Amino acid sequence: MKTFDVAGTTIAYREVGDGPVALFVHGFPLDSTMWLDQLDLHRGRRRCVAPDLRGFGASDPVVEPVLAVERHADDLVALCDHLEAETVDLVGLSMGGYVALAFAERHPDRLRTLALVDTRAGADTEEAKHRRDLMAVDVTVRGRGPLADELLDALLGPDAALHVRARMRTMVEGTRVDTIVAALAGMAQRPDRLDVLRRTLVPVGVVVGEHDTVTPLAEAEAMADAAPNARLDVIGGAGHMAPMENPVEVATALEVLWASAV
Ligand code: MLT
């Protein structure tokens, strides 16, 4: 993996292929390996870049007690500068989608297209914040094994392949507890960003697994309705991890989105 230094930390990223830059932002509590199939499918057309966000994967361990999605968005714009990419095709899954929306709000001129995969634009409800607090206590006390059990059941559709389950477990169990706790706090404090989508004029692709129960179809429809120039793709047979569960259908949706950009 390659690395670059930004605001007191070192971020690791994968880079394959040639062409315009496509930036893939992982979900929680995962890392860039969730995008391996997409990198492989797009490397002939795009310079595919997938970072491990601050504190995750092979990046330096987290120091801040709260990992704000806005902090990640600013790290990503620094990564674009490092790559000398004026604009990018930005793709974010779930927490990566929260980061992508913060990026769209703070750096709209750096977007060529925006793909929001299995995510939502709304803020956490009080109940969701409470669930995050409980998860933070639980992972601190019992460790990552029980969290991986819980997340695999919640995130994957009923037909997820064994290798997808295994890769998910490896990612969850490989994420530091400090990072998990700080990321939960960061996600809990993010604002509603539906208005950001209303102001986003570049092509927006909303992608959702047909069995996604974490960020279901209704959330995807709300985002596609808000953005002036949006398309919606429902991915057959997939849950919340559509790019891993049905990589080819997700890759096709991204290609159609990217082809629509002038
Ligand atoms: C994710 O997949 O990134 C998480 O489900 C996001 C969240 O906890 O809101």
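Helix H3 lies across strands E3, E5 and E6 and runs at about 140° to E5; axes are lines fitted to C-alpha atoms, for helices over the stretch in contact, and angles run from 0 to 180 degrees between N-to-C directions. Helices (H or I, at least four residues) and strands (E, at least two) are DSSP runs, numbered from the N terminus. The model is predicted: local features need pLDDT of at least 70, side-chain atom pairs count only at pLDDT 80 or more, and totals for chains, interfaces and linings use all residues. Residues are numbered from 1 along each chain as its sequence is written, and side-chain values use heavy atoms, with hydrogens and water left out.

**The sheet**

- An open sheet is formed by 8 strands with mixed pairing, in the order E1-E2-E4-E3-E5-E6-E7-E8; two strands pair if DSSP finds at least two bridges between them.
- E1 and strand E8 (230-235) are the edge strands, each pairing on one side only.
- From one strand to the next, the twist averages 25°.
- Over 6 bridges, E5 pairs with strand E6 (residues 111-117) in the parallel sense.
- Val117 in E6 is the bridge partner of Leu93.

**Helix H2**

- H2 packs on the sheet, where it touches E1, E2, E3, E4 and E5, and its direction makes about 120° with that of E1.
- The 15 residues of H2 (residues 69-83) reach 21 Å from first C-alpha to last, close to the 21 Å expected at 1.5 Å a residue; the expected span is 1.5 Å times one less than the number of residues.
- Because 11 of its 15 residues are buried, H2 is largely enclosed by the rest of the structure; buried means under 20% relative accessible area, exposed over 50%, and partly exposed in between (1.4 Å probe, protein chains only).
- The buried residues of H2 include Val69, His72, Leu76, Leu79 and Leu83.
- Their cover includes strands E1 (2-6), E2 (9-16), E3 (21-25), E4 (47-51) and E5 (88-93), together with helix H3 (95-106); contact means heavy atoms within 4.5 Å.
- After H2 comes Glu84, which has a positive phi near 60°.

**Cysteines**

- The whole structure contains 0 disulfides, a disulfide being a pair of cysteine sulfur atoms within 2.5 Å.
- Cys48 is in no disulfide, and the nearest cysteine sulfur, that of Cys80, is 14 Å away.
- Cys48 has 0% relative accessibility and therefore counts as buried.
- Cys80 likewise counts as buried, because its relative accessibility is 1%.
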